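Please read it next to the model shown here.

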Amino acid sequence: MPSKKALIRRPSPRLAEGLVTHIEREKADAGLALEQWEAYAETLRAHGWETIEVDPADDCPDSVFVEDTVVMYKNVALIARPGAESRREETAGVEEAVARLGCSVNWIWDPGTLDGGDVLKVGDTIYVGRGGRTNAAGVQQLRAAFEPLGARVVAVPVSKVLHLKSAVTALPDGTVIGHIPKVDRPALFPRFLSVPEEAGGHVVLLGGDKLLMAASAPKTAGLLTDLGFEPVVVDISEFEKLEGCVTCLSVRLRELYA
């Protein structure tokens, strides 16, 4: 049976100090962010996901974006080496969490850098964004870790947004979705659907036809409803001020061995 576990991490009280690369800085409200994070976690639980809280990293402003610290494929956890040096202390707590779950643990090593937000899995195809936070050595190391397990790794350029999954994610049928102005090479994806809002390119598959997505993409929610999907909307406005989206607030573990 597929597993439905999700790693989450409580936002740091220093959240407002988080890194901003491609957008103008707006001050994030740490109190409101905590409320939004709690609602996000509760939404996961309401749809059958067991949330596993990684130990907080209060001295790391970006630590709530837990997806960047690890990439999962089957039962293997590849611990990232974030491209921003200030984020590298975030990985220790996540490594402990996945080890407790019985995962086989591998690592990205210097000179490689890899952020989990640059990795999009569609079946056994793993798209890796090569851009500001993930370098060529990181792509090579991910390929070495996962191709022997049956993955096909495809590197794609990322220059217009922070991470690959800031531009695109995928629907349950494997169609990749994204907002065209933010996608470098949409033709690299066999099936691509353009959506009308940047935040509309970010969905988390909750199970069945249910898609977790941000309240900031109502037009896309309408489009996906018309296509037979069921959007489940959450407000993550404070995290969006720091280039966050629905994917980066959790790590979904779908293929843990029983």
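In which loop does I236 lie? I236 is in the loop between β14 (230–234) and α5 (237–240), where helices (H or I, at least four residues) and strands (E, at least two) are DSSP runs numbered from the N terminus. The model is predicted, so local features need pLDDT of at least 70 and side-chain atom pairs count only at pLDDT 80 or more, while totals for chains, interfaces and linings use all residues. Residues are numbered from 1 along each chain as its sequence is written, and side-chain values use heavy atoms, with hydrogens and water left out.

I236 counts as buried because its relative accessibility is 2%; buried means under 20% relative accessible area, exposed over 50% and partly exposed in between (1.4 Å probe, protein chains only). Not counting residues up to four places away in sequence, I236 touches Q36, A214, G244, C245, V246 and L249, a contact being heavy atoms within 4.5 Å. For V246, 10 residues from I236 along the chain, the separation of the C-alpha atoms is 7.5 Å.

**Cavities and pockets**

The search uses a 1 Å grid over the protein atoms alone: a cavity is a set of points where a 1.4 Å probe fits but cannot get out, and a pocket is an open set with protein on both sides within 12 Å along at least five of seven lines. Lining residues have an atom within 4 Å of a point. Points are joined across faces, edges and corners, and a volume is the space filled by probe spheres set on them.

Two cavities of 30 Å³ or more are counted. The largest cavity has a volume of about 130 Å³. It has 18 lining residues, of which D68, L162, H163, E243 and C248 are the closest to its centre. The second largest cavity, about 60 Å³ in volume, has a lining that includes V156, P157, K182 and F189.

The largest pocket holds about 610 Å³ of space. Among its 28 lining residues, K121, V122, L205, R252 and R254 are the closest to the centre. Two or more lining residues come from each of β3 (70–73), β6 (119–122), β9 (168–170), β12 (204–207) and β15 (251–253). The second largest pocket has about 260 Å³, and I23, E198, H202, E240 and E243 lie nearest its centre.

Lining classes are tabulated below, with Ala, Val, Leu, Ile, Met, Phe, Trp, Tyr, Cys and Pro as nonpolar, Asp, Glu, Lys and Arg as charged, and the others, Gly among them, as polar.

| Space | Lining residues by class |
|---|---|
| Largest cavity | six nonpolar, five polar, seven charged |
| Second largest cavity | eight nonpolar, no polar, three charged |
| Largest pocket | 15 nonpolar, six polar, seven charged |
| Second largest pocket | five nonpolar, four polar, five charged |

**Salt bridges**

Side chains of opposite charge can pair when their charged atoms come close. A salt bridge here is a side-chain nitrogen of Lys or Arg within 4 Å of a carboxyl oxygen of Asp or Glu. The structure holds 14 salt bridges.

One of them joins K5 and E50 at 2.7 Å, N to O. This pair links strand β1 (residues 5–9) to strand β2 (residues 50–54), 45 residues apart. K5 is partly exposed at 22% relative accessible area, and E50 is partly exposed at 41%.

E67 pairs with R252, with the closest N and O atoms 3.2 Å apart. E67 is in the loop between β2 and β3, and R252 is in strand β15, 185 residues apart. E67 is buried at 5%, and R252 is buried at 13%.

D115 and R133 meet at 3.6 Å, N to O, and both residues are buried. R10, E38 and E53 are linked in a network of salt bridges.
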